[in-house]
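Biologist: Could you take a close look at one part of this model for me, and then tell me how that part sits in the rest? I'd like the cut-offs along the way.

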Amino acid sequence: MWTRILGSLFILSVISGCTTTSTMPPSQQALTQSISERTRELLRLNNWTVIGKIAFIQNDKRESASINWQNQGDKNQQRLDLTTFLGINILHLNSKGSTHHIKVDGKEYNSDDLDGLIYQLTGLTLPTEALTYWLKGIPYLTGDQLSYDPVTKLPRNLTSYYDDHLWQIQYDSYQLYGSKRLARKITIKQSDLIIKIMLKDWIIK
C-alpha cells in the first residue's frame with residue numbers, strides 16, 4: 001500500500017512553508033484581466049498537464065509525492081501519476097469518461113467512483129473532479145464563493161460545499177505560464193485535512 005511507502009517521506013519545506021503572494025511584478029501588470037474575462041478563458045482551458053509536488057497533512061500523519069496530472073477535456077480523458085521522490089510510481093490512474101482504472105502496489109482496480117476508489121486504496125481524500133477547476137482558480141459548483149485580489153484580480157480564496165463537506169482553497173502564489181497567470185502554490189483545507197500543492201509547471205495545449 002502506497003501510504004506505507006509515503007509514510008517515510010518528508011514534506012519538502014518549500015511546500016510546507018508557503019506564504020501568500022498575491023501581487024505580481026510591474027512587468028506583468030499589463031497582463032491583468034478582468035475577473036469575467038479570465039474566468040471565460042480558463043473555462044475553455046480543457047487540455048493541460050500539471051507537474052509538481054503534493055502533500056497531505058492530517059493530524060500527526062504527513063505524506064507527500066510528486067504529481068503529474070494530464071487532463072484532456074476534449075477527449076474526456078485524464079492520467080494521473082503519483083511517485084516517490086526516488087521516482088517509484090505509487091499510483092497510476094487512467095480515466096475515460098466515468099470509467100477509472102487505477103494501479104496501486106502492483107494491483108489493478110476499476111470503478112466509476114474515482115474519489116471513493118482513491119480513498120479506499122490509499123486512505124487519502126482527493127477531490128479530483130472539483131480539483132480540475134480549483135487548480136485553475138475557477139468555481140466547480142455554482143455555489144462556490146471566490147474572493148479576489150483588488151490589484152491583480154486573481155483569486156485569493158475559494159469556498160465550496162463539495163460532496164457535502166466544506167472546502168477552503170487558498171491561492172498562495174501565481175506564476176506566468178505562457179500568457180496565463182496560473183496558481184503555483186495552493187493550500188486546500190477540509191476539516192482536519194490539509195492538502196498543499198506546489199506546481200513546477202503548467203503545460204497548456
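Modeller: Let's start with R156, which is partly exposed at 36% relative accessible area. That label follows from the cut-offs: buried means under 20% relative accessible area, exposed means over 50%, and partly exposed is what lies in between, with a 1.4 Å probe and protein chains only. Before going on, a word on the basis: this is a predicted model, in which local features need pLDDT of at least 70 and side-chain atom pairs count only at pLDDT 80 or more, while totals for chains, interfaces and linings use all residues. Residues are numbered from 1 along each chain as its sequence is written, and side-chain values use heavy atoms, leaving out hydrogens and water.

R156 has a partner: D149 forms a salt bridge with it, and the closest N and O atoms are 3.3 Å apart. A salt bridge here is a side-chain nitrogen of Lys or Arg within 4 Å of a carboxyl oxygen of Asp or Glu. D149 is buried, at a relative accessible area of 4%, whereas R156 is partly exposed.

Searching the whole structure turns up three salt bridges, so here are the others, under the cut-off of 4 Å. R79 and D81 come within 3.5 Å, closest N to O; R79 is partly exposed at 29%, and D81 counts as buried at 15%. E63 and K61 meet through their side chains at 3.7 Å, N to O. E63 is buried at 2%, while K61 is partly exposed at 38%.

β8 covers residues 155–162 and β9 covers 165–177; the two run antiparallel and are joined by six bridges. Strands (E, at least two residues) and helices (H or I, at least four) are DSSP runs, numbered from the N terminus, and two strands pair if DSSP finds at least two bridges between them. To get your bearings in this pair, find S160, which stands opposite W167 in β9. The hairpin of β8 and β9 has two residues between the strands, and D163 there takes a positive phi near 55°.

Carry on to the next hairpin. β9 and β10 are antiparallel with nine bridges, and Q175 has L182 in β10 as its bridge partner. Two residues separate these strands as well, with G178 in the turn at a positive phi of about 65°. Then β10 (residues 180–190) pairs with β11 (residues 193–204), again antiparallel, over six bridges; K189 stands opposite I194 in β11.

All of this belongs to an open, antiparallel sheet of eleven strands, in the order β6-β5-β4-β3-β2-β1-β11-β10-β9-β8-β7. The edges are β6 (107–111) and β7 (145–148), each pairing on one side only. From one strand to the next, the twist averages 20°; angles run from 0 to 180 degrees between N-to-C directions, using axes fitted to C-alpha atoms, for helices over the stretch in contact.

Two helices connect this region to what surrounds it. Helix α3 (residues 35–43) packs on the sheet and touches β7, β8, β9 and β10, its direction making about 85° with that of β10. "Contact" means heavy atoms within 4.5 Å. Helix α4 (residues 114–122) also reaches β8, lying across β3, β4, β5 and β6 too, at about 15° to β5.

D115 sits in α4. Setting aside neighbours within four places in sequence, D115 is in contact with L126, P127, T128, E129 and Y162. The side chains of D115 and T128 make a polar contact at 2.5 Å, meaning a pair of N or O atoms within 3.5 Å; within protein, one must be able to donate a hydrogen and the other to accept it, and sequence-adjacent residues count only if both atoms are side-chain atoms.
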